[in-house]
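Here is a short briefing for a first look at this structure. Keep the view open while you read.

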Amino acid sequence: MSSDVTTTIAVVGGPLVAGHGDGRGLGWVGRVTARTLPSLPELKVYPLAVPTEDSAGLHARTIAEASLRFTRDGDNRLVLALGSGDLDSGRSVARARLDVANILDEALARKVSTFVLGPPPEHDGDRNRRIAELNASFSDVAKRRGITYVDTFTPLLGHPVWQREVASSRDHLPAQEGYGLLAWLVLHRGWFNWLGVQDVLGDS
């Protein structure tokens with residue numbers, strides 16, 4: 001990719017996109033951006049977070065809000081950070097799957113390359129069983145379209161640091177270490193390949 005082309009990434013999702021709960025205010029988006037900038041100095045990242053949003057709300061706003069940040073001649077990309085809001089609004093897995101499929105299809109129709117981050121586990125066992133269903137369904141939707149999907153649920157479900165942080169937070173959000181784990185998963189599950197650049201910092 002030419003270094004003089006601006007890469008714009010709209011990151012659409014819930015409160016984890018905003019980094020709520022992180023004492024440093026970086027969240028996973030800030031950490032991933034910092035790691036990526038040496039490889040893409042012209043990178044522009046726009047976190048677009050809405051709390052307690054289900055897949056219907058996400059579908060309603062994603063393309064419209066992302067498009068407001070895109071440039072005419074740049075490399076415009078979308079990161080879809082999925083959550084568990086459908087469990088609270090009562091939407092079925094099938095309806096949630098359809099919403100996500102529609103977002104991805106709309107992005108594909110506009111030739112906007114998309115990267116999907118699946119919903120992470122929470123502190124409640126019953127909710128996690130239901131999140132596991134959402135995760136499997138979302139993953140299938142993305143993979144059927146050849147879109148990179150990062151499963152955060154499986155590696156974090158039994159991770160002691162993640163579980164400790166979400167259990168101890170009033171809003172059940174991760175703190176610094178938890179966001180670091182999310183960032184690590186993103187960076188090591190296809191991020192640089194998706195962007196078409198090398199990680200110039202390597203394992204530093």
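**The largest pocket**

Helix H1 (15-18), H3, helix H4 (85-89), helix H6 (125-144) and helix H8 (160-168) each give at least two residues to the lining of the largest pocket. The model is predicted.

- The volume of the largest pocket is about 640 Å³.
- Its lining is made up of 37 residues. Pro15, Gly83, Ser84, Gly85 and Glu122 lie nearest the centre of the pocket.
- H4 provides the largest share of this lining, with three residues.
- Sorted by class, the lining of the largest pocket holds 19 nonpolar, eleven polar and seven charged residues.

**Glu122**

- Glu122 sits in the loop between E4 and H6.
- Is Glu122 buried or exposed? Glu122 counts as buried because its relative accessibility is 17%, and the cut-off for buried is under 20%.
- Its side chain makes a polar contact of 2.4 Å with the side chain of Ser84.
- A polar contact of 2.6 Å links the side chains of Glu122 and Arg127.
- Setting aside neighbours within four places in sequence, Glu122 touches Ser84, Arg127, Asn128, Ile131, Gln163 and Val166.
- Glu122 and Ser84 are also among the residues nearest the centre of the largest pocket.

**Glu53**

- Glu53 is in the loop between strand E2 (44-49) and helix H3 (55-67).
- Glu53 has 19% relative accessibility, so it counts as buried.
- Which side chain does that of Glu53 join in a polar contact of 2.7 Å? The partner is Arg61.
- Leaving out residues up to four places away in sequence, Glu53 is in contact with Gly13, Leu58, Arg61 and Gly85.
- One of these partners, Gly85, is named among the residues nearest the centre of the largest pocket.

- Seven of the seven residues of E1 are buried, so E1 is largely enclosed by the rest of the structure.
- Both faces of E1 are covered. Thr7, Ile9, Val11 and Gly13 are buried on one side. Thr8, Ala10 and Val12 are buried on the other.
- In a regular strand, side chains alternate between the two faces of the sheet.
- E1 pairs with E3 in the parallel sense, over seven bridges. Within this pairing, Thr7 has Asp75 in E3 as its bridge partner.
- E1 is also joined to E2 by six bridges, and the two run parallel. Here Ala10 stands opposite Tyr46 in E2.

**Strand E4 and its partners**

- Strand E4 (residues 113-117) is largely enclosed by the rest of the structure, because four of its five residues are buried.
- Five bridges pair E4 with strand E3 (residues 75-81) in the parallel sense. Leu117 in E4 stands opposite Ala81.
- How many bridges join E4 to strand E5 (residues 148-150)? There are three, and these strands run parallel.
- Phe115 has Thr148 in E5 as its bridge partner.

**The largest cavity**

- The count comes to one cavity of 30 Å³ or more.
- The volume of the largest cavity is about 50 Å³.
- Ile9, Val11, Trp28, Val29, Val32, Thr33, Val45 and Trp191 line the largest cavity.
- Strand E1 (7-13) and helix H2 (27-36) are the elements that supply two or more residues to this lining.
- H2 gives the largest share of the cavity lining, four residues.
- By class, the lining of the largest cavity counts seven nonpolar residues, one polar residue and no charged residues.
- H2 is itself mostly covered, with eight of its ten residues buried. The buried residues of H2 include Trp28, Val29, Val32 and Thr33.

**Pro155**

- Pro155 belongs to helix H7 (residues 153-157).
- At 35% relative accessibility, Pro155 counts as partly exposed.
- Pro155 and Phe192 stand 37 residues apart in sequence. From C-alpha to C-alpha, Pro155 and Phe192 are 20 Å apart in space.

Notes. Residues are numbered from 1 along each chain as its sequence is written. This is a predicted model: local features need pLDDT of at least 70, side-chain atom pairs count only at pLDDT 80 or more; totals for chains, interfaces and linings use all residues. Side-chain values use heavy atoms; hydrogens and water are left out. Buried means under 20% relative accessible area, exposed over 50%, partly exposed in between (1.4 Å probe, protein chains only). A polar contact is a pair of N or O atoms within 3.5 Å; within protein, one must be able to donate a hydrogen and the other to accept it, and residues adjacent in sequence count only if both atoms are side-chain atoms. Contact means heavy atoms within 4.5 Å. On a 1 Å grid over the protein atoms alone, a cavity is a set of points where a 1.4 Å probe fits but cannot get out, and a pocket is an open set with protein on both sides within 12 Å along at least five of seven lines; lining residues have an atom within 4 Å of a point. Grid points are joined across faces, edges and corners, and a volume is the space filled by probe spheres set on the points. Ala, Val, Leu, Ile, Met, Phe, Trp, Tyr, Cys and Pro count as nonpolar, Asp, Glu, Lys and Arg as charged, and the others, Gly among them, as polar. Two strands pair if DSSP finds at least two bridges between them.
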